[in-house]
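I am opening my notebook on a structure that is new to me, and you are welcome to read along. I will go through it a few spots at a time.

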Amino acid sequence: MQTIKSFLTVIGASLILLSCGGTALVISTPIENIDSSPLKVSEMTEAEQQNWGHLDLLKDTIPGMSVDKAYAEIIKNKKGKSVTVAVIDSGIDINHEDLNDVVWTNEDEIPNNGKDDDNNGYIDDVHGWNFLGEGYNEQLEMVRILVSGDTSNPEYAAAKAEYEKEYKKWSERKVQYDQIYQQVKFADETLAKHFGKKDYTKKEVAAIETEDEDLKMSAQIANYMFSNGLDALSDALKEISNSLESINDRLDYNLNKDLKGRVNGDDPDDMSTKYYGNGNVKPVKKSESHGTHVAGIIAAERNNGLGANGVANNVKLMSIRTVPNGDEYDKDVALAIRYAVDNGARIINGSFGKSYSPHSDWVRDAIAYAGKNDVLFVHAAGNDSKDVDVEPNFPDDNVNYVEVSDNYIRVGALSPKYGSNMVASFSNYGKKNVDVFAPGADIYSTTPENEYDSKNGTSMAAPAVAGVAALIRSYFPKLTAAQVKKVLMDSGLPLKTKVIVGGDSNNIKPFSELSSSGRIVNAYNALILASRLAN
C-alpha cells in the first residue's frame, strides 16, 4: 500500500474535468460597475447552488447574470417572440420532463415516413439532425493527424510531441487513480467491518483510537475525505470511479491510434458529400449527457416545479448531434452550422472545441455564412487553462486576428465565489480571443432520463450566454446578431478584481485583462441596453 502521505498528495489533485415586439420596456438605470474590493460571501444554500448563475452580484454577493432580477423587474408578464436556438452538441434527450415542451419541430417534415418532405436534403429531420449516426467514441484530432502518416503536414511534429506527452500523462494518472480507488475501497471495507455496519458516521470515525495499522490508516483516509466535503467514502468511491471512466475513455478511445470510430461511411475530408447520418437527435447512451445539460441551461422550462430553470423562456431547441466522445470533425461542424442557419435557428450554441483543426476554413466559412444570415454563434472558450491568444482553440472566427464575421462570441467560465477565485481554474482566457465570461462551474441542469446534475466547463458558460442572447432576440427581435453580440459585451459588469488565472496561484491578473470586454454577462443590463438600442 502507498504511504498516507503519498496517497494524500495524489488524492488532493483536482478530479478530472473532461452553448417584445414594438413596445418599449420601462426600465431603470443599469449597474455600471462595482467596487473592486471583495464582497462578503456566505455559504450558499442548496437552492442557491442550483441556481447561482441566475443570481445577482450586488444582491446575492454571487457573480451570476442577474437573470432572476431581469424576470422580476423587466420581463414580468410580457410576451416575447419564440426564438429557435440550435444546440450543436452530443444530442439532446428531447423527452426529458424539463425539455420536452421546448423542443423545435420541423413542421414541414412528416415524422418517420422515410421521405425528405421539405426537400432540404435530410430525411425525417423532425427535431434536428444527427451527423454522427450511431457513432459515439472518437479519437482526438492530433491522433488522426498521426494516423494519417502525412509527415509533411506542418502540424505533424507538434501533434506527435503532444500525443507522447498526453499518453504518458494519462497512463500515469490511470495508475494513480487505480491505486487511490483500491485504498479508499480498502478503508471503507475496514471501517465497515470495525463498526459492523456500512453507514458509519464521521463522528464515529473521528473517535477511533487504535494501534491497528490498517484501521488507523483507514480512519486517516476517511477523515481526509470528510474534511474535503464528502459525507461518506461511498461518495469518494463514486467520484474516483467516474474519474477512472474518463481516464479509460481517454486511453481506450481518444488516444487510441487503432480506433475506427467513424461509422457513417462518408469521407470527413470531402465536403462534396453532405447528406449523411440520421434524424435521431437523442444521445445514444445515458452517459452521453453533455448536450442535454447544455440544452437545460439555455431553456429548461421555467417555474414548472421541476429540477432546473433555463435562462430563456421563449426558446425552441434544435438538436444537432455532432460532438462525439472525442474530437468533432470539422466537416460535421461546418454542415451543422449551415443546417441550423438554413432551418431557422437565430442562435447557435457551440460547447465544443479542440487544438487542431485541419479544415478550419470550412468552419470559418460556415460561421461567416451564419453571420450573413443574421445568426449569432456562441462558442465555449475551452477548458485547458490556456491563453487562446497564444495557443489556438477551434473553431474560431479569425485568421491572424482578422475576423471573418461579427456574429461570433467566445465565452470563458466563472465560479460561484466572487473574488480572486472567481475565474474557474479550468477556463481558457484571452484579451483578444475571448469576449466575455459567464457562470460555468458547478452548474445544475438537465441530464438524460429525467435526471439532473451539476457540471463544470466553459461548455456550461456558453449556453448561459446563448440563453441571454435568446432573451434579447425574443423581446427585441429587430436587433441583428451583431447588435446582440455588442449588447452582451457592452452591458456586462466591468470588474476591476484581480483574479487567479488558470488555477495557478502565482499567476494573478486583473480580470479586465482576460477578455476583450473585461466583463461578466448580465441579463438585466443586457435587456436595458437592448431596449435603448432598439428604440
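**Entry 1: a term first.** I count a polar contact when a pair of N or O atoms lies within 3.5 Å; within protein, one of the two must be able to donate a hydrogen and the other to accept it. I also remind myself that this is a predicted model.

**Entry 2: helix α15.** With that term in hand, I went to the start of α15. There I found a side-chain oxygen of N522 within 3.3 Å of the backbone nitrogen of Y524. The helix covers residues 523–534, twelve in number, and I get 16 Å from its first C-alpha to its last, close to the 16 Å expected at 1.5 Å a residue. Which residues of α15 are buried? I listed A523, Y524, N525, A526, L527, I528, A530 and S531. I then looked for what covers these buried residues, and the cover includes the helices α4 (67–75), α13 (458–475) and α14 (481–490), along with strand β12 (493–494).

**Entry 3: helix α8.** D212 caps the N-terminal end of α8, with a side-chain oxygen 3.0 Å from the backbone nitrogen of D214. The helix runs over residues 213–227, which makes 15 residues, and its reach from first to last C-alpha is 21 Å, close to the expected 21 Å. Its buried residues are L215, M217, S218, A219, I221, A222, M225 and F226. Just after α8 I noted G229, which takes a positive phi of about 95°.

**Entry 4: α6 beside α9.** How do α6 and α9 pack? Helix α6 (residues 156–195) meets helix α9 (residues 233–254) at an angle of about 155°, and I find their axes 9 Å apart. Angles over 145 degrees count as roughly antiparallel, so α6 is roughly antiparallel to α9. I marked their crossing as left-handed. While in α6, I stopped at Q176, which lies in this helix.

**Entry 5: α10 across α13.** Helix α10 spans residues 290–299; its axis and that of α13 come within 8 Å and cross at roughly 35°. The crossing of these two is right-handed. Which residues meet there? From α10 I wrote down H290, H293, V294, I297 and I298, and from α13 S459, M460, P463, A464, A466 and G467.

**Entry 6: helix α12 and strand β6.** I checked the span of α12 (residues 360–372) next. Its 13 residues should span 18 Å at 1.5 Å a residue, and the end C-alpha atoms are 18 Å apart, so the two values agree. Buried in this helix are S360, W362, V363, R364, A366, I367, A368 and A370. They pack against α11 (330–342), β6 and β8 (408–414). D374 follows α12 and has a positive phi, near 60°.

From there I moved to N398, which sits in strand β6 (residues 398–399). N398 counts as buried because its relative accessible area is 10%, and the limit is 20%. Its side chain has a polar contact of 3.3 Å with the side chain of D397 and another, of 3.2 Å, with the side chain of N433. Setting aside residues up to four places away in sequence, I see N398 touching R364, E403, V404 and N433. R364 was already on my list of buried residues in α12.

Entry 7: My last stop was G128, in strand β2 (residues 128–130). G128 is buried, with a relative accessible area of 0%. I followed G128 to I320, 192 residues apart along the chain, and their C-alpha atoms are separated by 5.4 Å. Which residues does G128 touch, beyond those up to four places away in sequence? They are W104, V281, M318, S319 and Y339.

S319 belongs to strand β3 (residues 315–321), and it is buried at 1% relative accessible area. Leaving aside neighbours within four places, S319 is in contact with V87, G91, I92, H127, G128, W129 and V281.

Conventions. Residues numbered from 1 in each chain as written. Predicted model: local features only at pLDDT ≥ 70, side-chain atom pairs only at ≥ 80, totals over all residues. Heavy atoms only, no water. Helix = DSSP H or I, 4+ residues; strand = E, 2+ residues; numbered from the N terminus. Expected span 1.5 Å × (residues − 1). Buried < 20%, exposed > 50% of the residue type's maximum accessible area, 1.4 Å probe, protein only. Contact = heavy atoms within 4.5 Å. Axes fitted to C-alpha atoms, helices over the stretch in contact; angles between N-to-C directions. Parallel < 35°, antiparallel > 145°, perpendicular 65-115°, else oblique. Left-handed = near helix turned anticlockwise from the far one by under 90°.
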